[in-house]
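Please keep the structure in view while reading.

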Amino acid sequence: MLHVHLSERALGEPHGIGRVESPNILVTAAQIAAWCGLPETQVILRDLGCVAPHCTKQARRADIDHILQWILGGSTGDLNLAPLCRKHHRAKTFSAWAYTMLQPGSYLWRSPMGHVYLRDGTGTRGLTPRPVDPPGG
Ligand SMILES: [Zn+2]
């Protein structure tokens, strides 16, 4: 966690200065603005946690996943990045778990068994129809 102090006036100055609390160092307003504008920072603030179904791990402690792999042309922008804890990042990378972003903060997952989940800011909903008991059973 990084605590920075920056006056409103410093934001408008070309050489405005802010201060990082620990370690107690001075940084430029431009540097603080750059940190806040990083795609990784944006997805951590947007999603707050690992976006895998039912996971409760904090985004700040998560890996940042390329939803469409970078090697396949996936961008390193906030519309292709999402926080996944290490366990779910590995599951997505090395197993048949797959997901897509429906819109920022809303993800559709498919498990290796074909179960479908919607994960968004309200939690996880299973979208796989429940099996119907046979009549007379
Ligand atoms: Zn997770």
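Two residues are taken to be in contact if their C-beta atoms, placed from the backbone, lie within 7 Å. In this predicted model, Leu 84 is in contact, leaving aside its neighbours within four places in sequence, with Cys 50, Val 51, Ala 52, Ala 62, Asp 63, Asp 65, His 89 and Lys 92.

Several of these names return in the largest nonpolar core, which has 14 residues, and in which Cys 50, Val 51, Ala 52, Ala 62, Ala 82, Leu 84 and Tyr 107 are those with the most contacts inside it. At least two residues of this core are supplied by each of α3 (39-47), β5 (81-84) and β7, and the largest share, three residues, comes from β5. As a general background, nonpolar side chains in soluble globular proteins tend to be buried together.

Strand β7 also belongs to an open sheet of four strands, whose order is β6-β7-β8-β9 and whose pairing is antiparallel. Because β6 (98-103) and β9 (123-126) stand at the edges, each with a single partner strand, one side of each is left without a neighbour in the sheet. Neighbouring strands of this sheet are turned against each other by 25 degrees on average, with direction ignored. Within the sheet, β7 (residues 106-110) and β8 (residues 116-120) run antiparallel and are joined by four bridges; Leu 108 has Leu 118, in β8, as its bridge partner.

At the level of the whole protein, the division is into domain 1 (4-37) and domain 2 (39-126), and the C-alpha centres of domain 1 and domain 2 lie 31 Å apart.

Key
Residues numbered from 1 in each chain as written. Predicted model: local features only at pLDDT ≥ 70, side-chain atom pairs only at ≥ 80, totals over all residues. Pairing = 2+ DSSP bridges. Axes fitted to C-alpha atoms, helices over the stretch in contact; angles between N-to-C directions. Core = buried A, V, L, I, M, F, W, Y, C linked by C-beta atoms within 7 Å. Buried ≥ 20, exposed ≤ 12 C-beta atoms within 10 Å, placed from the backbone. Domains from an automatic or database assignment.
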